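Please read the numbered points beside the sequence and the model.

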Amino acid sequence: MSISLKEKLAELIFEYDKLRLHICPKIEDMYLLSFGFLECEAYNLDIELEMIKRYIELFNQGEDLSKIDEMLDKEFEESVGMLEKYMGELDLAIERKDTHFELSEDDLDSLNSLYLDLIYKLHPSFNPVQSIYEKDLFEEIVEAFETYDLTSMRSLAILIPEGKTIFEDDDVFIKSISQINQEIYNIKNSYPYNKKKILDDEKLFKDYKIQLLDVVANDYLLIEEYGKKLDELI
């Protein structure tokens, strides 16, 4: 039996929120915990290697030795900032791992079913004209869904004003369906969802880890090589 446009839209909204609030954060944490340490080390070594090469280049150009370090700090400021940001994301993934909480299968089904029901009642696609109270209430419901807080979601559901009328306009629904399908497509073709294939495929997982280890080992050799060249110069 075919479903209505209204039902199709609600299911897509649910899929979109499930992707961005539950699935993608889990994929990102799994990826960071699996490869984050090696990626940070590889990136850090890449920066160190490029700084040594640049130091030699500046030295050969006759730059004042007392200014080279300051020049390098400025040139590599963005790269160092990106590394620090990534390391911060890795630290957060480690913290979340230690405090991770899962609902039972029955409670997770209840959370999903209730959220889908509340999408009809308060999501802007079905309620384009909302009071500030209703907007704030739905934001709290989304937060409860994101944090798997079934108790809070049940409490918030009680606060929804009675007699809510669901917006009905097939033309608007068709446009919204197209937009959300595009959003879902974008998520599935960008980070972190695009790392799911590596995490799910044992061979890809192993090959990528070997690749990172090779990069790290090669960078150590190059840093040693260029370090000796730099020592000979100064």
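**Notes on charged and aromatic side chains**

1. Asp136 is found in helix H5, which covers residues 132-146. Helices here are DSSP runs (H or I, at least four residues), as strands are (E, at least two), and they are numbered from the N terminus. The model is a predicted one, in which local features need pLDDT of at least 70 and side-chain atom pairs count only at pLDDT 80 or more, while totals for chains, interfaces and linings use all residues. Residues are numbered from 1 along each chain as its sequence is written, and side-chain values use heavy atoms, with hydrogens and water left out.

2. Asp136 has a relative accessible area of 38% and is therefore partly exposed. The classes are buried (under 20% relative accessible area), exposed (over 50%) and partly exposed (in between), with a 1.4 Å probe and protein chains only. Together with Glu139, Glu140, Glu143 and Glu146, Asp136 forms a negative surface patch. A patch takes residues with over 30% relative accessible area and no salt bridge, joining like charges within 9 Å and nonpolar side chains (Val, Leu, Ile, Met, Phe, Trp, Tyr) within 5 Å. Asp and Glu count as negative and Lys and Arg as positive, whereas His and the chain ends are not counted.

3. The structure holds ten aromatic pairs. The rings of Phe35 and Phe205 are one of them: their centres are 4.8 Å apart and their planes lie at 45°, so the pair is tilted. Rings of Phe, Tyr and Trp (its six-membered ring) pair if their centres lie within 6.5 Å; planes under 30 degrees apart are stacked, over 60 edge-to-face, and the rest tilted.

4. Which helices does the pair of Phe35 and Phe205 tie together? Phe35 lies in helix H1 (residues 5-60) and Phe205 in helix H9 (residues 202-233), so the pair links parts that are 170 residues apart in sequence. Phe35 counts as buried because its relative accessibility is 0%, whereas Phe205, at 24%, is partly exposed.

5. Phe35 also pairs with Tyr208, in an edge-to-face arrangement with 4.9 Å centre to centre and 70° between the planes. Tyr208 is in helix H9 and Phe35 in helix H1, so this pair ties together parts 173 residues apart in sequence. Both Phe35 and Tyr208 are buried. Phe35, Phe205 and Tyr208 belong to one aromatic cluster with Tyr31 and Tyr191.

6. Twelve salt bridges are present in the structure. Such a bridge is a side-chain nitrogen of Lys or Arg within 4 Å of a carboxyl oxygen of Asp or Glu. Asp17 makes one with Arg20, and their closest N and O atoms are 2.9 Å apart. Both residues lie in helix H1, three residues apart, about one turn of the helix. How accessible is Asp17? Its relative accessibility is 3%, so Asp17 counts as buried, while Arg20 is partly exposed at 36%.

7. Helix H1 also holds Glu57 and Arg54, which are separated by about one helical turn because they are three residues apart. Their side chains meet in a salt bridge of 3.1 Å, N to O. Glu57 is partly exposed, with a relative accessible area of 39%. Arg54 and Glu57 are linked with Glu75 in a network of salt bridges.

8. In helix H9, Lys228 and Glu224 are four residues apart and so are separated by about one helical turn. They form a salt bridge whose closest N and O atoms are 3.8 Å apart. Lys228 is partly exposed at 49% relative accessibility, and Glu224 is partly exposed at 45%.

Definitions and conventions:
Areas by Shrake-Rupley, 256 points an atom, 1.4 Å probe, with all protein chains shown as cover. Charge placed at Lys NZ, Arg CZ, Asp CG, Glu CD.
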